[in-house]
Amino acid sequence: MLSITSQYLARYRRLDTGDGTPVLLPVTGAQRRFALVRAMDPAGRPDLVPMFFAFPRGTVDPVRLAAAANRLAALHPVLRSRLTVLRGTPALRPEEPQVPVTRLACASGEDAATVLRRALAGWAPQGAPLRLFLVQDGPQGAEDVLAVVLDHTACDGQSLARIVGELGAAYDEDADAERPSASEVAAELAAYRDAVLLQLDAEERAGSPAAMAYWGERLRAVREQAPVPGPRPLTAGTAPSGAAALRMPAPQAGVPFPELLNACRAAATVLFGAGHVVPLGYPWGGRPPAAAPVLGCFLNTVVFPTATGEAPTASATAEAWWDDLDHAATPFDAVVHAARAAGSGWTGRLDGMLTVDDARRHPPLRLGGVTGREVQIDGRAVRGPFAVSVTQGPELQLRMVWDRTILPDDTAESAFSALAGALRAPAPTAG
């Protein structure tokens with residue numbers, strides 16, 4: 001039987017007729033996951049990856065910024081392509097760069113965070129995958145807050161540093177500078193297509209019968225425990241998500257990833273109760289060595305079956321995790337299929353998400369020699385019941401967000417305390 005990736009490639013190639021119809025680009029398994037998640041969402045909401053930067057008022061030139069963003073989109077096909085599903089097959093349709101820079105204004109009593117939350121909540125899925133918003137904030141509008149927002153099908157978290165660097169470099173060019181030439185655009189388009197096809201080739205091999213048997217057995221007991229979004233209506237004026245953050249001392253080498261997984265296990269036990277095996281996702285992997293470093297060819301989401309109420313040793317968690325990494329390239333939709341074929345009732349929704357970053361990979365956005373201050377805007381709609389982000393550096397930065405239509409604040413805050421407590425306590429050792 002053909003693997004899911006093989007079936008996708010066969011359907012995609014039937015779309016690419018070569019008869020002069022508009023070019024369609026293939027998508028990776030990671031991108032297919034976001035198409036699947038959007039299709040499963042009752043409201044069809046896209047996943048968004050926003051960054052927010054505060055600049056002194058008047059230092060950001062919107063015209064120059066738009067020119068820079070459009071030069072970036074002209075060079076990177078994924079930043080000017082729209083996700084489309086044609087005859088049941090997801091693909092990207094490249095278009096002319098049209099990156100909007102939208103000036104927003106605060107109404108009386110509003111701040112920039114409120115305005116930007118509203119703008120992101122109104123994101124139209126069929127628009128440009130990269131959009132910029134600019135709004136004045138603070139006393140007498142002392143600052144301009146710039147939101148750089150991407151559809152998740154265009155990038156992952158590890159791509160953000162590159163986007164920030166290239167946007168700043170393009171801004172430093174003359175606003176009237178020409179966009180990339182037709183030959184440069186064609187070369188980048190070909191590089192993107194080749195990189196994705198190489199990635200799909202790797203995913204095809206990673207969907208072997210042995211890998212499917214591994215994931216079927218590994219995830220047989222998984223069941224998502226959180227209800228679908230929307231069972232708890234929010235009172236007027238309540239933000240759709242809650243957040244908690246904490247900084248704590250960190251070992252010089254950082255916290256090993258299995259210990260972070262164990263900490264998420266502690267949080268999931270508080271959220272969903274003991275005795276369950278819930279699906280926790282985390283990004284992992286990378287592009288094949290021969291693939292060009294194109295934007296859009298990014299990390300797979302790996303599923304970790306989190307047994308709540310249990311406290312296995314750190315070595316046991318690490319051993320299971322290392323075994324998972326041997327099969328981490330199996331695309332997400334194939335993993336879901338393997339689990340269901342093995343008898344799991346899992347639908348593919350994740351009960352939680354863990355992302356880990358390095359503080360050294362967070363360069364600030366510089367526009368025209370002025371460095372923006374990165375800011376957090378909480379209260380935005382989030383995908384999934386809860387998500388934990390960890391930034392490793394001189395100290396450990398923990399952050400957890402949750403969907404208030406699914407989880408009450410007091411329960412989520414208790415789960416965050418359990419998460420932090422698990423990382424403060426010495427990890428149990430074998431024997």
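**Entry 1: Thr306**

I began with the neighbours of Thr306, leaving out residues up to four places away in sequence: Thr306 touches Arg265, Ala268, His276, Val277, Val278 and Leu280. I noted at the outset that this is a predicted model. Next I looked up where Thr306 sits, and found the residue in strand β9, which covers residues 300-307. Is Thr306 buried or exposed? Its relative accessible area is 1%. Buried means under 20%, so I wrote Thr306 down as buried.

**Entry 2: Helix α6**

I turned to helix α6, residues 182-206. I wanted to check its length. The helix has 25 residues, and at 1.5 Å a residue they should span 36 Å. I looked up the end C-alpha atoms and found them 36 Å apart, so the two values agree.

Which residues of α6 are buried? I listed Tyr192, Ala195, Val196, Gln199, Leu200, Glu203 and Ala206. Then I asked what covers the buried residues of α6. The cover includes helix α1 (4-15), helix α2 (29-40), strand β3 (89-94) and helix α7 (209-218).

**Entry 3: Salt bridges**

I started this entry with a general point. Side chains of opposite charge can pair when their charged atoms come close. How many salt bridges does the structure hold? The count is 14. I looked up three of them, one pair at a time.

Glu110 has 24% relative accessibility, so I marked Glu110 as partly exposed. Arg118 has 45%, so Arg118 is partly exposed too.

Next I took Glu395 and Arg247. These two form a salt bridge, with the closest N and O atoms 2.6 Å apart. I checked how open each residue is. Glu395 is partly exposed, at 29% relative accessible area. Arg247 is exposed, at 54%.

Then I went to Asp378 and Arg399. Their salt bridge has its closest N and O atoms 1.9 Å apart. This pair also links distant parts of the chain, 21 residues apart. Asp378 lies in the loop between β13 (373-375) and β14 (386-392), and Arg399 lies in strand β15. Is Arg399 buried or exposed? Its relative accessible area is 15%, so Arg399 is buried. Asp378 has 33% relative accessibility, so I put Asp378 down as partly exposed.

**Entry 4: Aromatic pairs**

I moved on to the rings. How many aromatic pairs does the structure hold? I found 11.

I looked up Phe34 and Phe298. Their ring centres are 6.3 Å apart and their planes meet at 45°, so the pair is tilted. Where do the two residues lie? Phe34 is in helix α2, and Phe298 is in the loop between β8 (277-284) and β9. The pair therefore ties together parts that are 264 residues apart in sequence. Phe34 has 8% relative accessibility and is buried. Phe298 has 6% and is buried as well.

I compared their accessibility. Trp321 is buried at 6%, whereas Trp322 is exposed at 54%. I then looked for a wider group around this pair. Phe257, Tyr282, Trp284, Trp321 and Trp322 form one aromatic cluster.

**Entry 5: Charges over rings**

I also looked for arginines over ring faces. Arg32 lies over the face of Tyr8, at 5.1 Å from the ring centre. Arg131 lies over the face of Trp123, at 3.6 Å from the ring centre.

**Entry 6: Pro256**

I closed with Pro256. Where is Pro256 found? Pro256 is in the loop between β7 and helix α8 (257-272). Its relative accessibility is 41%, so Pro256 counts as partly exposed. I also looked up a distance from Pro256 to Phe304. The two are 48 residues apart in sequence and 16 Å apart in space, C-alpha to C-alpha.

Note on methods:
Residues numbered from 1 in each chain as written. Predicted model: local features only at pLDDT ≥ 70, side-chain atom pairs only at ≥ 80, totals over all residues. Heavy atoms only, no water. Salt bridge = Lys/Arg side-chain N within 4 Å of Asp/Glu carboxyl O. Buried < 20%, exposed > 50% of the residue type's maximum accessible area, 1.4 Å probe, protein only. Helix = DSSP H or I, 4+ residues; strand = E, 2+ residues; numbered from the N terminus. Contact = heavy atoms within 4.5 Å. Expected span 1.5 Å × (residues − 1). Phe/Tyr/Trp six-rings, centres within 6.5 Å; stacked < 30°, edge-to-face > 60°. Lys NZ or Arg CZ within 6 Å of the ring centre and 35° of its normal.
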